[in-house]
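Me: I would like to go through a model with you. Could you take my questions one at a time?

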Amino acid sequence: MDSKEIGGGLSGADLLREIERLRAEKEELESRIHLLEAQIKPRGTAEKDKSGSCSLSSLSCPQMNGTTLSGLSPEMIHRYSRHLLLPDFGVEGQLKLSKSSILVVGAGGLGSPVAMYLAACGVGCLGIVDNDIVELNNLHRQIIHTEAYVGQSKVKSAASSCHAINSSVKLVEHREALQAVNALDIVSKYDIVVDATDNLPSRYMISDCCVLLDKPLVCGAALGLEGQLTVYNYNGGPCYRCLFPTPPPSAACQRCSDSGVLGVVPGVIGCLQALEAIKVASAVGEPLSGRMLLFDALSSRTRTVKIRGRSPVCSICGENAAFTREKFQSFDYESFTQSPMSDRSSEKLNLIPESSRITSKEYNEIVNAGEPHILVDVRPVHHFKIAAIPKSKNIPLSNLEDKLSTIDSALKQAAQDSGKCASLFVVCRRGNDSQRAVDYLSKNGFPLAKDIVGGLQSWSQFVDRTFPSY
Amino acid sequence: MHLTLEFGGGLELLCQSTKIHSVDVKPKPGQDKLTMRDLLVWVKSNLIKERPEMFIKGDSVRPGVLVLINDCDWELCGSLDTELEEKDNVVFISTLHGG
C-alpha cells in the first residue's frame, strides 16, 4: 500500500474510489484469513443445523482442501464459475454472497424458487421458516416440494431439496410459524429477509420486524395472474407501512385458496425475489428499492414504477416513531388487519337461523327418499364446471336477483311432476354464500329455502367421499 | 381530455373485468383543469359497476390501493390535487398479499 498516494492532491471522487478499492482489498484479506482459520478448525460440523444458529464464522466450505488467491476454494471456483465470469459480479460478488445469511419466510409458491436459487447460487446460510405441511394442491406451484413429501413439513421438504442442490450451503430449518413473539429472535440471526408469505398480517409483521432490526426486506406477492415485487427498508427506502399505513378492508384481501393462482406466476415473482436478495447480498446493481415491479401474466406486461420514499411520519420507521420491540411483540397483527395469518379462509358465517339449514347428510336422505326438490348451486360458473352435485342448477349468487322467476318455475315444474310441494335447497363451496342466498331468497318470496351447512366441502367429507375437493 | 386508465390487482373486477379503459374526461363546468380528485369522482360514477367501497373511501381511494400517474406514485406528485394532462396514464392497483 502506497501511503503517499492517499490524500495529497486527490479530488473527492478519487478519494471515494480509493476508499472503495481499499475496502475491497480489506474484505479480500479478511476472507482469506477466514478460510485459513477454517482449515485449522475441525471439519464437517457445519453442514446442516437445526439449532437455529446461522453463524458463519467458520465459513461453509467443509471440503476445502486448498485456497487460492481469490479466497474461493477450487471447488467453489468450479461450482460458481459462471458467476465468476461475470465482470459485474465476479469473485467479490460471490465472496459476499457466500458470507451472507438470508431468511426465507414461507416455503410456498414464492418461497420455492427463492430458496432453490439462493441455495444453488451459494449463499452462506439459508434459513427457511414455515409451519405448513405439503399438500397435493400445493405442487402445481410450490416446485421445491415433491409428491414424496405430501403430508410432511414444508420446511423439511424444502431443506432437503436445497441440500440436494448444494450441500455446501448451511441450511437452518425453522419449523414454526413466524409470529410477533418469535420473529425478533429468528430474524436477528440473518442479514436479509425475503417475504414469501401468503397473507396480510404476516406482511405487516415482517416489515415492522425488519425495521426494528434494520434488515433489508425483499417483498413479493402473487395472486391470480398478477405479481408485485419491491425491496423495503433498504438504504433509506420506505417500509411496508410507509406505503400502506392503513390496512385494506378484509373483503379486499383475496387469497390464493379462494381466487386461484396460475402456478408459474409466483414462480416468476419468486425468481425475481431471489435476484433482488442476491443483489442486496452481493452489493451488485441497483436493488428495487423505492420502486415496485408489477407483473401482469395475461398481457405479458411488466412495469417498474417509482414509489414514495420513507415517510417521515411513518408510525414504524418515521422520525418520531415510538415503536419498540416490546410493542412489536405484543402487537396483534391479525386484529390490526382483520385477517388471519394464513391463506385459509377462517370465515364461518352464521347469517340465518338453524331452521333454515340442513346438513349434507340430511340432504342426502331427502335425495334417497326421492322427495321432490330443486338444488340451486350459487357458486360462480367456473367453480360449477369443476364439479357439481348431479341435477343441481347453477345460479351464481351475483345473478340470483335476476333469476328468481327461473327458480319459481323450476319449483312449480318439480311440484307438477311429483304431485307434491317441492322444497328449495341452496349449496355453495363452503356454506357461506349459500346462507347469503337463502337470506335473500327468504325475503323475496321463498321463505322455506334452506342451505346445506358446510357446502360441497361437507358433502365430500360426509356423504360422497369420491366428490372432488378443491 | 384523453386519458388511459388501468385497473389491476383485482380492482378490474369492479369494472366488468376490463383492465384498460381509454376515456375522455372533461373538467368540471367553469374549470379548465382536471385534478385527480375530479377523476376519482368520474371513475366512481362512470366505471365502477359494483361495490364502490372496494375502490373509494371518503374522497380518496381505499387503503391498499396504489395510484400511479405515468408510472409514478401519486404521493410524489400531489395526490388528490395532481392536475392531469392530455394523454396521461393513470393506474389503480390493489396491493396483493398472496403467494
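Me: In which sense do strand E13 and strand E14 of chain A pair, and over how many bridges?

Reply: Strand E13 (residues 423-427) and strand E14 (residues 450-452) of chain A pair in the parallel sense over two bridges. Strands pair if DSSP finds at least two bridges between them; strands (E, at least two residues) and helices (H or I, at least four) are DSSP runs, numbered from the N terminus. This is a predicted model, in which local features need pLDDT of at least 70, side-chain atom pairs count only at pLDDT 80 or more, and totals for chains, interfaces and linings use all residues. Residues are numbered from 1 along each chain as its sequence is written, while chains are lettered from A and ligands numbered from 1 in the order in which they are written.

Me: What is the bridge partner of A:Val426 in E14(A)?

Reply: The partner of A:Val426 is A:Asp451.

Me: Which strands are at the edges of that sheet?

Reply: The sheet is open, with five strands in the order E10-E14-E13-E11-E12 of chain A and parallel pairing. Its edge strands are E10 (357-358) and E12 (393-394) of chain A, each pairing on one side only.

Me: And which strands does helix H16 of chain A touch?

Reply: Helix H16 (residues 404-418) of chain A packs on the sheet, touching E11 (373-377), E12 and E13 of chain A. The direction of H16 makes about 150° with that of E11(A).

Me: New topic: why is strand E6 of chain A described as largely enclosed?

Reply: Seven of the seven residues of strand E6 (residues 217-223) of chain A are buried, so this strand is largely enclosed by the rest of the structure. A residue is buried if 20 or more other C-beta atoms, placed from the backbone, lie within 10 Å of its own. Both faces are covered: one side holds A:Leu217, A:Cys219, A:Ala221 and A:Leu223, and the other A:Val218, A:Gly220 and A:Ala222.

Me: Does E7(A) run parallel or antiparallel to E6(A)?

Reply: Strand E7 (residues 226-232) of chain A runs antiparallel to E6(A), joined by seven bridges, and A:Leu217 stands opposite A:Tyr232. The two strands form a hairpin with two residues between them, and A:Gly224 in the turn has a positive phi of about 60°.

Me: What about E5(A): how many bridges join it to E6(A)?

Reply: Three bridges join strand E5 (residues 192-195) of chain A to E6(A), and the two run parallel. A:Val193 stands opposite A:Leu217 in E6(A).

Conventions: Two residues are in contact if their C-beta atoms, placed from the backbone, lie within 7 Å. Axes are lines fitted to C-alpha atoms, for helices over the stretch in contact, and angles run from 0 to 180 degrees between N-to-C directions. A residue is buried if 20 or more other C-beta atoms lie within 10 Å of its own, exposed if 12 or fewer, and partly exposed in between; C-beta atoms are placed from the backbone.
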